[in-house]
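Reader: I would like to learn how to read the features of a model like this one. Can you take me through it step by step?

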Amino acid sequence: MAASSAVLSRRLAGSGLWCGVTRPLVHIRSASAAEPRARKSDEEQLWEAASDAAGYLPFSRARVGSFFQEQPVLKNPFLEDALLRGYLKRHLPEESCSQAILSDLNAFGERVAKDIDTWGRECELNPPRLVHFDPWGRRVDHIVTSEAWKRLKDLSAQEGLVAIGYDKSFGEWRRVYQMSKLYIFSPSSGLYTCPLAMTDGAAKVIQSVGVSPPVEEAYRRLTSRQPERFWTSGQWMTERQGGSDVGTGTETVAIPQADGSYRLHGFKWFTSATDADMTLTLARVQDRSGSTTPGSRGLSLFYAEVSRDEDGRLRGIEVQRLKDKLGTRQMPTAELLLDGLPAYRLSEEGRGVASIANMLTITRIHNSISAAAAMRRVLQLARDYATRRTAFGKLLKDHPLHMQTLARMEVETRAAFLLVMDVCRLLGREESGLASEFDRHLLRLLTPVVKLYTGKQAVAVVSEGLESFGGQGYIEDTGMPGILRDAQVLSIWEGTTNVLSLDVLRCVARSSGMVLHAYFAHVKSLLAGASGVSSLDPAVKAVGGALSELEQFVQIAASRSPSYLELAARDLAYSLARIYAGALLIDHACWKDASPNDTYAALRWCEQELCLVASKQKRGCYDSSSASMDAALVYDNLIQK
């Protein structure tokens with residue numbers, strides 16, 4: 001046998017089959033685990049002996065081959081984002097604080113890439129669990145979270161991820177600074193951005209109603225940079241009967257106590273970040289006869305601390321179960337029975353819904369930041385991967401169609417970023433006392449528009465991003481599927497797309513149309529700034545034409561029934577978002593330090609249909625017959641039966 005092997009080796013070597021060839025000739029055969037082991041033929045033995053002697057049988061036994069695909073590398077997300085750096089360079093004041101902000105974001109970006117991203121992944125792999133009882137049968141309701149989750153809380157305080165928004169030394173740019181930092185942090189945060197959003201919202205509510213006892217200490221803790229003092233807040237609004245419809249869906253009652261406090265009794269169906277230190281919640285004050293006022297007029301806002309008694313039991317709370325969710329698994333979300341929870345009323349009686357308006361503004365902006373951040377992160381990884389993955393003889397970055405796909409994702413991401421940052425800019429002006437009535441109208445209109453639009457964008461862009469990794473984008477331990485699962489909540493939390501579209505209509509009605517007046521005037525002013533830039537003429541023309549169509553739609557819709565506008569609400573919101581994003585992209589491309597890529601992004605964005613609502617109006621999509629025809633189509637099978 002040895003002689004035969006030597007002869008075979010010499011023949012193969014003499015034929016030149018192994019000379020200068022980097023990948024050896026391999027004999028591949030199929031096998032089935034169900035088949036009995038067969039005796040190897042003489043030919044197989046010759047092949048294996050020859051290959052073993054030369055070391056050329058890569059897939060035998062423990063050998064798995066020599067090729068392993070390089071994985072995408074997360075680099076400093078601040079340095080990897082030209083648009084973020086350009087936006088800040090353009091807008092931040094030319095003062096020492098500008099350099100301090102940029103330096104802090106750069107250092108934080110390094111920390112995200114080197115450490116924090118690993119913590120976020122650990123939260124995904126070690127989700128929270130609920131321990132109802134101790135070993136001796138006592139009810140304890142402990143929500144056990146990972147060590148990484150606890151580190152992220154400390155980090156949030158140290159980095160000022162809430163505190164920056166309340167730091168007056170940064171003036172009107174404090175919100176832009178804060179949200180830029182959260183934009184870098186969000187995809188690596190293990191969803192800790194969700195409790196931070198509710199913490200920020202709670203601080204805003206307390207600030208708006210007045211920082212005084214009993215919430216003075218809570219406000220200091222919510223906005224603290226000291227980990228040992230920092231608190232997070234929950235947001236316990238949703239009950240069994242409804243989510244956004246809190247007016248009719250809230251059954252929790254508040255029983256007045258002799259000392260001026262209350263005891264809350266009810267069932268909260270969906271409580272996010274249930275391990276928080278405190279919460280804000282809605283309830284109906286019960287009078288001496290046990291009666292409550294129905295509807296939104298009967299709701300008041302309450303503050304409650306989450307604490308334990310001397311026996312280790314939660315005061316007035318029983319955790320029924322943790323929610324088993326599609327995504328956001330890193331964060332505990334629970335069903336709670338409130339059984340005498342001590343609380344203090346924050347709002348005037350019956351003014352609970354009005355009191356949470358400021359909180360909704362904050363949390364919706366946080367939601368929008370997370371959406372833009374998810375888009376940017378998957379694109380950064382896909383861009384890096386394209387420099388490492390070879391297919392059909394060349395790197396992915398050298399395939400024009402692949403680059404076209406990533407470029408389309410980039411345009412969507414840039415539009416989302418500029419939309420969100422403009423809302424942050426307006427919020428900063430309002431909180432600093434610099435906002436005009438014009439600014440306040442814009443902020444009120446754009447907050448729901450930007451939230452609903454970026455939430456839908458994120459799901460589409462992240463899904464496309466996963467596809468750019470091929471099969472690996474579908475494999476759990478790459479971490480990619482989690483980005484998509486977490487993105488799905490962004491179009492649901494704090495108002496679904498349809499709920500927010502109707503909120504846009506309410507906003508228009510309550511302002512007697514002034515929010516639209518501010519919108520049209522601002523878009524026109526942005527376009528006027530680009531009038532002398534010939535390279536942007538096609539984009540300016542497209543946005544200007546879409547704006548005219550939108551004005552015509554508004555004039556026509558004003559004379560129609562409310563049901564007409566309700567059917568058009570979603571398309572109207574999309575049109576407002578697309579036109580405004582186009583104007584912002586054009587404006588950014590006019591900046592003195594703008595790059596040709598900024599111009600190209602504006603042109604590409606404006607190639608799409610910008611005013612959906614006008615084109616669909618012309619096709620009769622909102623006519624009185626449409627609603628009944630839609631219902632008939634949806635329930636076609638039932639109608640036939």
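Predicted model: local features only at pLDDT ≥ 70, side-chain atom pairs only at ≥ 80, totals over all residues.

Reader: Start with the whole chain. How many helices and strands are there in the chain?

Author: The chain has 22 helices and eleven strands. It has 641 residues, and 50% of them count as buried. The accessible surface comes to about 30300 Å². Carbon and sulfur atoms account for 52% of that surface.

Reader: What percentage of the contacts between residues at least 6 apart join residues at least 24 apart?

Author: The figure is 74%.

Reader: Now a helix. How do I check its length?

Author: Compare the end-to-end C-alpha distance with the span expected from the number of residues. Helix α6, residues 174-185, has twelve residues. From its first C-alpha to its last it reaches 17 Å, close to the 16 Å expected at 1.5 Å a residue.

Reader: What span should helix α16 have, and how far apart are its end C-alpha atoms?

Author: Helix α16 covers residues 514-528, which makes 15 residues. At 1.5 Å a residue they should span 21 Å, and the end C-alpha atoms are 21 Å apart, so the two values agree.

Reader: Which residues of α16 are buried?

Author: They are V515, L516, A518, Y519, F520, H522, V523, L526 and L527.

Reader: Which helices do the buried residues of α16 pack against?

Author: They pack against α12 (400-431), α13 (437-467), α15 (497-510), α17 (537-557) and α18 (562-589).

Reader: On to rings. How is an aromatic pair described?

Author: Two values describe a pair of aromatic rings: the distance of the centres and the angle of the planes. This structure holds 13 aromatic pairs. Take Y87 and F417: their ring centres are 5.8 Å apart and their planes stand at 90 degrees, so the pair is edge-to-face. The pair links distant parts of the chain, with Y87 in helix α3 (residues 82-91) and F417 in helix α12, 330 residues apart.

Reader: Are Y87 and F417 buried or exposed?

Author: Both Y87 and F417 are buried. Together with Y183, Y87 and F417 form one aromatic cluster. Y183 is also one of the buried residues of α6.

Reader: Where does the charged end of K181 sit?

Author: It sits over the ring of F108, 5.1 Å from the ring centre. A second case is R560, whose charged end sits over the ring of Y564, 4.7 Å from its centre.

Reader: Now strands. Why is β6 described as largely enclosed?

Author: Strand β6 spans residues 278-285, and eight of its eight residues are buried, so the rest of the structure largely encloses it.

Reader: Which strands run parallel to β6?

Author: Begin with strand β3 (residues 233-238), which pairs with β6 in the parallel sense over four bridges.

Reader: Which strand runs antiparallel to β6?

Author: That is strand β7 (residues 299-305), joined to β6 by seven bridges.

Reader: What else does β3 pair with?

Author: Strand β5 (residues 262-272) pairs with β3 in the antiparallel sense over two bridges. T238 stands opposite F270 there. Strand β3 is mostly covered, with five of its six residues buried.

Reader: Last, the loops. Where does S189 lie, and why does it count as buried?

Author: S189 lies in the loop between α6 and α7 (193-209). Its relative accessibility is 0%, so S189 counts as buried. Leaving aside neighbours within four places in sequence, S189 is in contact with G120 and L152.

Reader: And where is D167?

Author: D167 is in the loop between α5 (147-158) and α6. With a relative accessible area of 25%, D167 is partly exposed. The C-alpha atoms of D167 and T223 are separated by 9.1 Å, and the two residues are 56 residues apart along the chain.

Technical notes:
Residues numbered from 1 in each chain as written. Heavy atoms only, no water. Buried < 20%, exposed > 50% of the residue type's maximum accessible area, 1.4 Å probe, protein only. Contact = heavy atoms within 4.5 Å. Areas by Shrake-Rupley, 256 points an atom, 1.4 Å probe, with all protein chains shown as cover. Phe/Tyr/Trp six-rings, centres within 6.5 Å; stacked < 30°, edge-to-face > 60°. Lys NZ or Arg CZ within 6 Å of the ring centre and 35° of its normal. Pairing = 2+ DSSP bridges.
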